[in-house]
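This report concerns a single protein model. The sequence and coordinates are shown first, and the description comes after them.

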Amino acid sequence: GTGLLVAAIRARESARPDRLFTDPFAARLAGDEGRRMLDAALADAGDRSTAQIVVRTRYWDEALLAATAEVRQVVILAAGMDARAYRLPWRDGVVVYELDQPEVMAAKAELLAGETPRCRRVPVGIDLAEDWPAALRSAGFDPTAPSVWLIEGLLQYLEEAAAHRLCERVSACSDPRSI
């Protein structure tokens with residue numbers, strides 16, 4: 001549900017004349033359910049409920065593109081309905097690994113069927129409570145090469161111990177030059 005809501009927020013921002021970013025895939029990814037969730041959030045809390053997501057989207061877009069000046073592996077944990085692999089102007093040779101529940105990855109693949117990512121996109125359908133580092137390596141991720149990691153909008157939903165475990169797993173998968 002949060003992936004649909006975030007996609008709806010990104011679609012709304014993309015329609016503004018003074019938008020901070022453009023996500024041409026967001027409306028499709030959000031669908032009717034995401035738009036309903038956004039309408040409810042706006043009715044309940046107004047724009048305050050969306051501003052943080054808009055700002056963080058722009059911030060992380062720029063940070064990821066800057067990081068890939070040196071790093072060619074990007075890992076997006078709990079990728080949800082994120083379309084960065086399709087919409088950002090990635091440098092040649094960048095590989096974006098997207099990890100999320102298998103059903104989320106399948107839904108996204110169906111919604112974006114026929115679209116071409118702007119990098120090599122590697123979807124990995126796995127629950128992050130499982131051995132996702134092994135699945136990531138099996139998908140071609142090289143833990144001896146530097147990588148950049150994005151864990152956007154996930155940690156606040158985890159209990160403290162689970163957040164520590166996740167960060168420990170990321171660290172164990174990361175070359176010291178990683179971001």
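The model is predicted.

| Helix pair | Axis separation | Angle |
|---|---|---|
| α2 and α3 | within 7 Å | roughly 120 degrees |
| α1 and α3 | 10 Å | about 80 degrees |

**Packing against α3**

Helix α2 spans residues 26–45 and helix α3 spans residues 48–67, and their axes cross at roughly 120 degrees. Because of that angle, α2 is oblique to α3. On the α2 side, the contact involves L38, A41, L42 and A45, and on the α3 side it involves R48, S49 and T50. By class, these residues comprise 4 nonpolar, 2 polar and 1 charged.

The axes of α1 and α3 lie 10 Å apart, at an angle of about 80 degrees. An angle from 65 to 115 degrees counts as roughly perpendicular, so α1 is placed roughly perpendicular to α3. Helix α1 contributes V6, I9, R10, R12 and E13 to this contact, while α3 contributes S49, T50, I53, V54, R56 and T57. The contact of α1 with α3 divides into 4 nonpolar, 3 polar and 4 charged residues.

**V75 in strand β1**

Strand β1 covers residues 73–77 and contains V75. The relative accessibility of V75 is 0%, and V75 is therefore classed as buried, the cut-off being under 20%. Leaving aside residues up to four places away in sequence, V75 touches Y97, L99, L136, F141, V148, W149 and L150. The C-alpha atoms of V75 and I151 are 8.5 Å apart, although the two residues are separated by 76 residues in sequence.

**The largest pocket**

The largest pocket holds about 880 Å³ of space. Its lining consists of 37 residues, of which T2, A78, D100, G153 and L154 are the closest to the centre. Which elements each supply at least two residues of this lining? They are α1 (2–14), α3, β1, α5 (102–111) and α7 (160–173). Helix α1 provides the largest share, with 6 residues. In terms of class, the lining includes 21 nonpolar, 8 polar and 8 charged residues.

Technical notes
Residues are numbered from 1 along each chain as its sequence is written. This is a predicted model: local features need pLDDT of at least 70, side-chain atom pairs count only at pLDDT 80 or more; totals for chains, interfaces and linings use all residues. Side-chain values use heavy atoms; hydrogens and water are left out. Axes are lines fitted to C-alpha atoms, for helices over the stretch in contact, and angles run from 0 to 180 degrees between N-to-C directions. Helices (H or I, at least four residues) and strands (E, at least two) are DSSP runs, numbered from the N terminus. Angles under 35 degrees count as roughly parallel, over 145 as roughly antiparallel, 65 to 115 as roughly perpendicular and the rest as oblique. Contact means heavy atoms within 4.5 Å. Ala, Val, Leu, Ile, Met, Phe, Trp, Tyr, Cys and Pro count as nonpolar, Asp, Glu, Lys and Arg as charged, and the others, Gly among them, as polar. Buried means under 20% relative accessible area, exposed over 50%, partly exposed in between (1.4 Å probe, protein chains only). On a 1 Å grid over the protein atoms alone, a cavity is a set of points where a 1.4 Å probe fits but cannot get out, and a pocket is an open set with protein on both sides within 12 Å along at least five of seven lines; lining residues have an atom within 4 Å of a point. Grid points are joined across faces, edges and corners, and a volume is the space filled by probe spheres set on the points.
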